[in-house]
Amino acid sequence: MSGGADFRGLVKPEDGRPRLPGSLHTNRRLSQWITFHADGRVTIRPGKVELGQGILTALAQIAADELDVSLGRIRVQPAATPDSPNEGVTSGSLSVQDCGTALRHACANARAIHLSVAAQKTGVPLEALRVEDGAFLGPAGPVGSYWAQADDALLECEASPEARPKPPAARRVAGTSAPRLDLPDKVFGAARFVHDLRLPGMLHARVVRPPARGARLAELREGPPLPGGARVVRDGSFLAVLAEAEHDAEAAAARIAGRARWEEADTLPDEGALADWLREAPHEHSVVVERVANGAAQAAHTVRGAFFRPPVAHASVGTSCAVARWSGETVEVWTHSQGVYNLRTDLAKVLRVAPERIIVRHAEGAGCYGHNGADDVALDAALVARAVPGRPVRVLWSRAEELGWSPFSPAMLVEVEASADAAGNLASWRCGIIGNGHSSRPGRLQEPTLLSGAYVEGGVPVPPSINPPLAGGGGAERNAVPLYRVPDLRVAARRLTEMPLRTSALRGLGAPVNVWAIESTMDELAARAGADPVEYRLRHLDDPRAAEVVRAAAEMAGWAGRARREGAGMGVGFARYKNAAAWCAVVAEVAAEATVRATRLWIAADVGEAINPDGVANQVEGGALHGVSMALKEAVRFDRRRVTSDSWETYPILRFSEVPAVEVRLLQRPDEPPLGAGECALAPTVAALAGAIRDALGVRVRAMPFTAENIAAAMDAG
Amino acid sequence: MARFTLNGTAVSVELPGEVSLLHALRGPLGLSGPRYGCGAEQCGSCMVLVDGAPRYACTLAVGAVEGKAVRTVEGLGTPDAPHPLQAAFLAEQAGQCGFCLPGILVSAAALLERDPDPDEAAIRAALEPHLCRCGSHNRILRAVRRAARAMREGRAAA
C-alpha cells in the first residue's frame, strides 16, 4: 500500500561512515532495533509502520530468520518518538528495502554478538555453535540462549558492517507465506486501531470545518448550552467542540456549525474547464530527461494524445483519527501517521513547542494509500487537547471531512507525441506533464503543511506541493520515462506554483496517469505498425525481467489465442514502478455495456525477493483493484468554493458487484533484492483497462474516469 | 435507557433513546468491532445483526433495539472458538487493513444463516452494502464460500 513520496536523503553515503544497509546506516545502534527478554521473547522496533499492507509480519519474518527463533517469539513495537529508529516516512513501497534490509543486518549482527559471548563463556568454539529457536547448541547440547543472555548492554553498540546475514538458500521463514500477525485481532473485532484507544478520562472532540476553502470565521453567535456540557474550542478560524461523550460532541458540532458565520470567497478553478486551467496556471518548468538521437530515423507514423485525470481521493473506509494529551509542557499524540518524526516536526511548528516536548506514537489506522488526513487530525487533537490539560482528547473526522479535506492526488494533464519509423520501431518520444506537486508531507518544508495550521490565529496557508526528487522516483514525473527503447526522448514537467486544492502523495503518485499515457501511445503505434500490442512492447524492451512479466501476463490471459467477442475487449499494461523497483504487467478484460465493467485481470509481477509471497499477492491484487476503481469511477468534484464529492454517493469507489476476477503470478526471485509490492500494479491496471476499452469499443478514452460520459465524449471527438 | 441482548447477554444503556446504536456499542458498552465509516448507511463498517438481520448501527437509534437481540463480530466467535467465517477469513488471509471486516463478517453470517449454499451472485449481493478499499474482495468472497462449505459439512473452516 502506502503511496508515497520518497526521499532517499536519509541515507548519506557521503557521510564518511562505513555503509550499512537501509535505515541502519542512519540508525546504527543495535539496541534501538532489537531487545531480547528473559522470558523468551524478542522485541523488534522498526521505524516503519503498519498501514494495512502487512509490513509488520514481513519484518518479523526477517528477524525470526536471522535470529533463528520461531515467529511466535517476535513482538513488533509500533514506532514512536524519540526511541524508534528514524526511518522517515512509510511510503513509496520502500519498507522492505529500507527497514527489512536494516533489520536483517541488525539481527545477523545481534546473533553473532550473542554467539561469540556464549562461546567465550563456555569455551565451545564459535564455529561449533548453532541456534535453534533461540537456544544455543554446542556439540554436547545446550550451552545457553538469547534469553539467558538477555542483557541490553550486549547490543549497546553500533552495528558492524562485517555482519553477514544468511545466504538466501538458508532462509526458512522469510520467503514463506506466514499468516499475518495482525489479522486475528481484525477478524475478532479486537481494539487495535487508534480509533479504539480508550484512555482514562478521555474526552471526544469534533472539528467544525468552514463551508468553503480558506474561509475565515467572522462570528460565533452565543446560544443555549450545548448537549452534554460540550464546550467550544477556538483558535482563530480553527473551531472545534469537546464533550465527555462522543455522541454529545457530534451533536454539538452540528449545533455550532449553525452558529458560525464565515467570510468566504471563490478560490477554486472551474471544474468543467480544469484541463484549460492546468495549461494556464503559473508554474515552474523542469526537464525530466532529454536524449537527442544523432541521425534520428525518419518518422513514418506520429501519434499525439493528451491524457487528463481529475484529482482523486484516498477514500479510506475508516476516517482519520487521533488522540492527544497535554501534561505540563509536554504533548503526547497517538496517530496513524506514516512518519512519526516528520509529524513531530510540523506539530512543533504549529503548536510552538520544542520537538523534544512532543511524543508521537503510532497506532494503526484504516488502510493508508498515501498522505491522507492522518497527520492533519493529529494536529486537530493536539489543538483541542491544549484546552484541557491532563485530559486525553480523541478527534475523529467525519466522512465529509475525510473525502472533502484530506490531501488529494492532483489533477494531471499528460501530453505525448511519439513517432515510429517505417519498420514500426519507436523513433522519438515527447512528453509534457502538467499538475500540482505530489508531496506536501509534513516535516519537509519551511512552513508546516498540516491542514488546521492554516486556520489557527497567525497561521499560514499550506505551501504548494513539491515533487520528490527523481532519484527517489519523482512525483508528477514518476514513470513518465518509457522503458521502451527510443533513440530520441524528451520528457518535461510543469509544477504549478498555486494550489487551490491541497495535493499530496497517493499510491503511485504520477505513475497511473503517465503509464496510462505511455501504454495508450504504444497501443496506437502498434496499431499503426499492424503489430500485436504485446509483441510490439516486447520488441522495444531490452530488460529481460520486463519482458518476462509481459510474456507471463499474456500467457496467463491466453492473449495469443484470444477471440473477439461483441462488447468485450482485452488490453495490456506494463510498467516497472519508479523505473527502478518492481516490474508488473497486467492484462485486463472488460465488458462494455451501458457502462464499462472490468471482468478479469491477469497480473504478473516481479518484486525480487518476496518475504511473504501471499502478502505480496494480496498487495498486488489490492493495488490492481485500486487501479480499477480509480480508472472507472473516481473523480473529486468541486464548485468554486468547496469540494462537493464528500460522501460515498458523490465519490463512489469499487463495490463487490463490480470487482473483477483476478489472477496474480509472482515470478520467483529469492536471490534478488526485495523491491516492495504495494504500488506496482495500479498504473499498469489503469493502462490495461484503457487498452481493453479501445479493443471493445474502438475508442481511445483520453479522460479519466472511464465513465459512459467520458467514453461518449471520446467517441464524439473521433 | 435501553435494554436489549448484546451477544447473548442482557444489557442496559443509560443513553437517550435517540442516540445511535453505534455510539452505545462503542461508548458505554465498550465494543470495538462495529465502526464509524460514514454515518450514512453507505459503507457497512458499522453493520450489526438485530434479531438476525443486518442493520446499520450508525443511523439506528438505540431505543429502537429495546428488547431485541443485537449481535456484533465480538459475538460471532473468539480466537479459541472462532465462528467458521472467522476461521475461513484467517485461512484465506482475507483482509489487509481489516477496518471493514467486522461489518462484512456479520453480513456474511446473516447470509449463511438464511442460505447455507449461496452462489457467487448471492454472496456479492449480501456484501454489496460494504466497502473495502484495500481490494481484498476476492479473498473475502473465497472465505465466505469456504465457510459455507465448512458449515454445511459441520466442521470448522480452517
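Domain 1 of chain B and domain 2 of chain B bury about 1100 Å² between them, with carbon and sulfur atoms giving 62% of it; buried area is the accessible area (1.4 Å probe) that two parts lose on being put together, summed over both. In domain 1 of chain B, the residues that lose the most area to domain 2 of chain B are B:Arg35, B:Met47 and B:Val73, together 42% of what that side buries. This is a predicted model, in which local features need pLDDT of at least 70 and side-chain atom pairs count only at pLDDT 80 or more, while totals for chains, interfaces and linings use all residues. Residues are numbered from 1 along each chain as its sequence is written, chains are lettered from A and ligands numbered from 1 in the order in which they are written, and side-chain values use heavy atoms, with hydrogens and water left out.

**Domains of chain B**

- The domain assignment of chain B gives domain 1 (2-75) and domain 2 (84-153), with bounds that come from an automatic or database domain assignment.
- The C-alpha centres of the two domains of chain B lie 21 Å apart.
- Contact between them involves 16 residues of domain 1 of chain B and 12 residues of domain 2 of chain B, where contact means heavy atoms within 4.5 Å.
- Across this domain interface the rule finds 0 salt bridges, a salt bridge being a side-chain nitrogen of Lys or Arg within 4 Å of a carboxyl oxygen of Asp or Glu.
- The rule finds 3 residue pairs in polar contact across the interface of domain 1 of chain B and domain 2 of chain B, both residues at pLDDT 80 or more.
- A polar contact is a pair of N or O atoms within 3.5 Å; within protein, one must be able to donate a hydrogen and the other to accept it, and residues adjacent in sequence count only if both atoms are side-chain atoms.
- Strand 3 (47-50) and strand 4 (53-56) of chain B each supply at least two residues of the side of domain 1 of chain B that touches domain 2 of chain B; strands (E, at least two residues) and helices (H or I, at least four) are DSSP runs, numbered from the N terminus.
- Strand 3 of chain B gives the largest share of that side, 3 residues.

**A buried residue of chain B**

- B:Thr72 is in the loop between strand 5 (69-71) and helix 2 (84-91) of chain B.
- B:Thr72 has a relative accessible area of 1% and is buried (buried means under 20% relative accessible area, exposed over 50%, partly exposed in between; 1.4 Å probe, protein chains only).
- Leaving aside neighbours within four places in sequence, the residues in contact with B:Thr72 include B:Leu6, B:Leu31 and B:Val106.

**Interface of chain A and chain B**

- Chain A has 60 residues in contact with 51 residues of chain B.
- The area buried between chain A and chain B is about 4500 Å², and carbon and sulfur atoms give 54% of this area.
- In chain A, A:Phe188, A:Val317 and A:Phe656 lose the most area to chain B, together 21% of what that side buries.
- There are 4 salt bridges between chain A and chain B.
- A:Asp196 and B:Arg26 meet through their side chains in a salt bridge (2.7 Å, N to O).
- The rule finds 33 residue pairs in polar contact across the interface of chain A and chain B, both residues at pLDDT 80 or more.
- Elements that give two or more residues to the chain A side include helix 3 (183-188), helix 4 (246-257) and helix 12 (613-633) of chain A.
- Helix 12 of chain A gives the most to that side, with 9 residues.
- A:His247 is found in helix 4 of chain A, and A:His247 is buried at a relative accessible area of 15%.
- Leaving aside neighbours within four places in sequence, A:His247 is in contact with B:Leu15, B:Val19 and B:His23.

**Salt bridges within chain A**

- Over all chains the count comes to 66 salt bridges.
- A:Asp98 forms a salt bridge with A:Lys48, the closest N and O atoms being 3.2 Å apart.
- A:Asp98 lies in helix 2 (residues 95-122) of chain A and A:Lys48 in the loop between strand 2 (42-44) and helix 1 (55-67) of chain A, so this pair ties together parts that are 50 residues apart in sequence.
- A:Asp98 is buried at 6% relative accessible area, and A:Lys48 is buried at 3%.
- A:Arg669 and A:Asp606 form a salt bridge with the closest N and O atoms 2.9 Å apart, and both residues are buried.
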